[in-house]
Amino acid sequence: MPFFPRPRHTIMFLEQLGEVGILVGRTLRNIFRRRWERGMLIQQLEEIGVRSLPVVLLTAAFGGLVFGLQTYIGFHRYIGPGSEVYTGPIISLGLSKELIPLLVAVMVSGRVGSAMAAQIGTMKITEQIDALFSLGADPVRYLVAPRTVASVVMVPCLTMVGDLMGMVAGYFYIVIAMGVNRHVYLQNTMLYLELWDVATGLIKAAVFGAVIAIIGCWQGLKTRGGAEGVGRATTRTVVISSITILILNFFLSKALPASLGLK
Amino acid sequence: MIKIVGLHKSFGSTPVLRGVDLEVRRGETMVVIGQSGSGKSVLIKHLIGLLKPDRGEIYVDGIEISRLRGDALQKVTRKFGMLFQGAALFDSLTVGQNVRFGLERYTSYTSDEMDRIVADCLAKVGLRGVERLMPHELSGGMKKRVGLARAIAYSPDIMLYDEPSTGIDPIRADAINDLINVMKTELRVTSVVITHDMVSSYKVADRIAMLYDGRIIEIGTPREIQNSGNPVVQQFIRGEAEGPIKIF
Ligand SMILES: Nc1ncnc2c1ncn2[C@@H]1O[C@H](COP(=O)(O)OP(=O)(O)OP(=O)(O)O)[C@@H](O)[C@H]1O
Ligand SMILES: [Mg+2]
């Protein structure tokens, strides 16, 4: 029975969960109690935010287009010709609540999370982490805390930009490419899209940001065994954080109220 | 000053240190010799809290440090300057920023004073005008010397040198031996030097300790070590392939 979790694997899994838990605890302590490494934070904000922008814009644009395309087909086929003007709220809701936060998080984890693992992993195997410690810079405070803060701030920002881009792309497909009435499309979107829909997407994005940074740093810090080890750490980071994000996404969507009735 | 009592350390099921006892007196230079892989780097990393012992105690100025954490531990690391075996320069920072790193965290000099100390320390290791270079632009020996400048910059009380002369040409290596001696005589720095270079051991050591099979098997002045009756020590200091130490 190859897929039955054996006790050894369960113990390993719990051990790793414990490691992550300890790292989260130490990171939180450093974020809330100690002086911040401001230079590192600014550098990371730029690295995660500014440099990820092109990728996010591109994926959001095509995410919006394809979501527009399928929603159009769905309405046209099941509700009937003419109903396509009502696709607006569905597209905006699907994009801002699910598709864009997920796309952005997975892209950022591939671009930034893996880079964190590679950079910290290289520092680990060349004793630079030890050197940091010996020179009075706690590695968690110097490396992990700024990356986590930057990621928690920047992933929602990127998601917000992505939401906008995705909705514009959806509008472009439905209204400009398929010739649906612009007025009714926009009116419907405004009428049914709640601020809370966008907000839940951003809340999830903040959680995903934390996941990306913590897993990247965790894998980096536990890197062993030369260049090969660094390669393994980067691959694992992308796999673990993408899976974690996808699983967490479902539970967060379930846990967050669907509507607050706010406009 | 430093006292190690019954230090045990294993990695997985491989024991590396099996009851190391060692005392380093204030102001002396203790050289630790031993084969490659005998655990010298592991030993030195325990002194500064980078590794935690499985068993045993480490006292620095009378404080048992192996169970300290956080700020209490950083107060201890402030006393130490460590030269890593592979230099361990921060590759995203310039040479100047590397040497400044400890100054910024451990001292309250102004920025101008720090610039001067950085240039000073680089000059001491025979480097000038390299502040703006990145570590990857340096040769291996230059990196090692920058690592040394970084470690001495904030005037630590205790210096730990992990193979200071490895990878450096013989003339520069001797200059580093001189620097170690100057630090002792002028700044009263206590030093632990790891090396397998016997020439430099004799030149800098007040006492030499040999690590073998996870323990300190012999300790004494360079003369006492040279006259040691222990065949293992004799084989090592003469660098002979034949003897009680089996290498294959
Ligand atoms: N973090 C670690 N994890 C697992 N094993 C380790 C670790 N650090 C050291 N070891 C093992 O401990 C032993 C001693 O290593 P150490 O680096 O102290 O040797 P050394 O005496 O400094 O050798 P050299 O003169 O070659 O530097 C080696 O067998 C090494 O494989
Ligand atoms: Mg070593």
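A crossing of two helices is right-handed if the near helix is turned clockwise from the far one by less than a right angle, and left-handed if it is turned anticlockwise. In the predicted model described here, helix α2 of chain A passes helix α6 of chain A in a right-handed crossing.

**Chain A as a whole**

Chain A contains 9 helices and 0 strands. Its pattern along the sequence is accordingly written α-α-α-α-α-α-α-α-α. Taken along the principal axes, the box filled by the C-alpha atoms of chain A is roughly 70 × 50 × 35 Å.

| Helix pair in chain A | Axis separation | Angle | Crossing |
|---|---|---|---|
| α2 (residues 38–48) and α6 (residues 139–177) | within 8 Å | roughly 40° | right-handed |
| α3 (residues 53–79) and α6(A) | within 7 Å | roughly 40° | right-handed |
| α4 (residues 87–125) and α8 (residues 195–221) | 8 Å | about 15° | right-handed |

The axes of α2(A) and α6(A) cross at roughly 40°. Angles under 35 degrees count as roughly parallel, and those from 65 to 115 as roughly perpendicular. The helices α2(A) and α6(A) are therefore oblique to each other. On the side of α2(A), the contact is made by A:M40, A:L41, A:Q44, A:L45 and A:I48. The residues that α6(A) brings to this contact include A:Y142, A:L143, A:P146, A:R147 and A:L158. By class, the contact of α2(A) with α6(A) comprises 12 nonpolar, 2 polar and 1 charged residues.

Helix α3(A) also packs against α6(A), with axes that come within 7 Å and cross at roughly 40°. That angle makes α3(A) oblique to α6(A). Among the residues of α3(A) in this contact are A:L53, A:V56, A:A60, A:G64, A:G68 and A:Y72. They belong to a group that meets residues of α6(A) including A:L158, A:V161, A:G162, A:G166, A:G170 and A:I174. The contact of α3(A) with α6(A) has 15 nonpolar and 5 polar residues, and no charged ones. A:L158 of α6(A) takes part in the contact with α2(A) and in the contact with α3(A).

The third pair has another orientation. Helices α4(A) and α8(A) pack at an angle of about 15°, and they are therefore roughly parallel to each other. Their contact divides into 14 nonpolar, 9 polar and 5 charged residues.

**The interface of chain B and chain A**

How many residues of chain B are in contact with chain A? There are 25 such residues in chain B, and they touch 17 residues of chain A. The two chains bury about 1700 Å² between them, with 56% of that area on carbon and sulfur atoms. Of the area that chain B buries against chain A, 28% is supplied by B:Q74, B:F90 and B:R105, more than by any other three residues.

Over all chains, the count of salt bridges comes to 25. Across the interface of chain B and chain A there are 3 salt bridges. One salt bridge joins A:E37 to B:R105, and the closest N and O atoms of the pair are 3.0 Å apart. This pair crosses between chains: A:E37 lies in the loop between α1 (7–33) and α2 of chain A, while B:R105 lies in helix α3 (residues 95–106) of chain B.

Key: Residues are numbered from 1 along each chain as its sequence is written. Chains are lettered from A and ligands numbered from 1 in the order in which they are written. This is a predicted model: local features need pLDDT of at least 70, side-chain atom pairs count only at pLDDT 80 or more; totals for chains, interfaces and linings use all residues. Side-chain values use heavy atoms; hydrogens and water are left out. Axes are lines fitted to C-alpha atoms, for helices over the stretch in contact, and angles run from 0 to 180 degrees between N-to-C directions. Helices (H or I, at least four residues) and strands (E, at least two) are DSSP runs, numbered from the N terminus. Angles under 35 degrees count as roughly parallel, over 145 as roughly antiparallel, 65 to 115 as roughly perpendicular and the rest as oblique. Contact means heavy atoms within 4.5 Å. Ala, Val, Leu, Ile, Met, Phe, Trp, Tyr, Cys and Pro count as nonpolar, Asp, Glu, Lys and Arg as charged, and the others, Gly among them, as polar. Buried area is the accessible area (1.4 Å probe) that two parts lose on being put together, summed over both. A salt bridge is a side-chain nitrogen of Lys or Arg within 4 Å of a carboxyl oxygen of Asp or Glu.
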